[in-house]
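Dear colleague,

Please find below the structure that I am handing over to you. My findings follow it, and I would be grateful if you could read them alongside the model.

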Amino acid sequence: MRTIPLLLLLLLSACSSQPAISYYQLPAVAADNAGDNAKPLYIEPVQVAGYLNGRGLVLQVSDVELVMARQHLWAEALDQQLQRQLRDLLATGAAGFSPVLQAGADTPRLTVQLARFHGQPDGYAVISGRFAISSQPGSQAFTLRVPLANDGYPALVTALAEGLQQLSTLISLQLQQAG
């Protein structure tokens, strides 16, 4: 009879000695209304490279090696966070467009593909890929490097969010040209 409580105690103590898992999300963006005369823009789901589909934050430790964290995880799927962030960042209407949740037949579409969205050993966050606006020919490549303010995963997430802000500025400029 005493072996069951002892076994339960051993199992509970083994679980409590596991390293803590931290969850991260990109910081919330205060989205403004673009106004009544803004043109609609549909933001397609963001496409991320296969290695970014996991739950862990990614660090590049050498020119050829990437490591996915086991105890530092995204709170939700990265592609969903990225789509929401871009929608909120572009919702200011600075480019005369307002993101919509469903596209009409003639609604311009924004497509974003991310090849890199991770930390580097030199203390930078890197974001690179391509974006395209359906009403314009071709696509535009981008590479953004943002220095981390401090060491650690919270600083990495903050720097990645800042890079996403810079990307939204590039997209806004491209939208203004399409205007």
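**Findings**

Threonine 169 lies in helix H3, helices (H or I, at least four residues) and strands (E, at least two) being DSSP runs numbered from the N terminus. Because its relative accessibility is 39%, threonine 169 counts as partly exposed; buried means under 20% relative accessible area, exposed over 50%, and partly exposed in between (1.4 Å probe, protein chains only). Threonine 169 and leucine 89 are separated by 80 residues in sequence, and by 8.6 Å in space from C-alpha to C-alpha.

The model is a predicted one, in which local features need pLDDT of at least 70 and side-chain atom pairs count only at pLDDT 80 or more, while totals for chains, interfaces and linings use all residues. Residues are numbered from 1 along each chain as its sequence is written, and side-chain values use heavy atoms, with hydrogens and water left out.

**Confidence**

The chain has a mean pLDDT (the predictor's confidence in each residue, from 0 to 100) of 85, and 83% of its residues reach 70 or more. Confidence is highest in strand E9 (residues 140-147), at a mean of 97, and lowest in helix H1 (residues 3-16), at 47. Where pLDDT is low, the predicted coordinates should not be read in detail.

**Fold and helices**

The chain contains 3 helices and 9 strands, which run α-β-β-β-β-β-α-β-β-β-β-α from the N terminus on. Of its 179 residues, 37% count as buried. Among contacts between residues at least 6 apart in sequence, 64% join residues at least 24 apart.

Helix H2 (residues 78-90) has 13 residues and spans 18 Å from first to last C-alpha, close to the 18 Å expected at 1.5 Å a residue; the expected span is 1.5 Å times one less than the number of residues. The buried residues of H2 include Leu78, Gln81, Leu82 and Leu86. Glutamine 85, also in H2, counts as buried because its relative accessibility is 6%. Leaving aside residues up to four places away in sequence, glutamine 85 touches Leu26, Pro27, Ala28, Val29 and Leu164.

Glutamine 174 is placed in helix H3 (residues 153-178) and, at 19% relative accessibility, counts as buried. With residues up to four places away in sequence not counted, glutamine 174 touches Phe131, Ile133, Gln136 and Gln140.

On a 1 Å grid over the protein atoms alone, a cavity is a set of points where a 1.4 Å probe fits but cannot get out, and a pocket is an open set with protein on both sides within 12 Å along at least five of seven lines; lining residues have an atom within 4 Å of a point. Grid points are joined across faces, edges and corners, and a volume is the space filled by probe spheres set on the points.

The structure holds 1 cavity of 30 Å³ or more, and the largest cavity has about 40 Å³ of space. Its lining residues include Trp74, Leu78, Phe117 and Leu160. Strand E4 (residues 56-60) gives the most to this lining, with 3 residues.

The largest pocket has a volume of about 170 Å³. Among the residues lining the largest pocket are Leu59, Pro121, Asp151 and Tyr153.

With kind regards

Conventions: Contact means heavy atoms within 4.5 Å.
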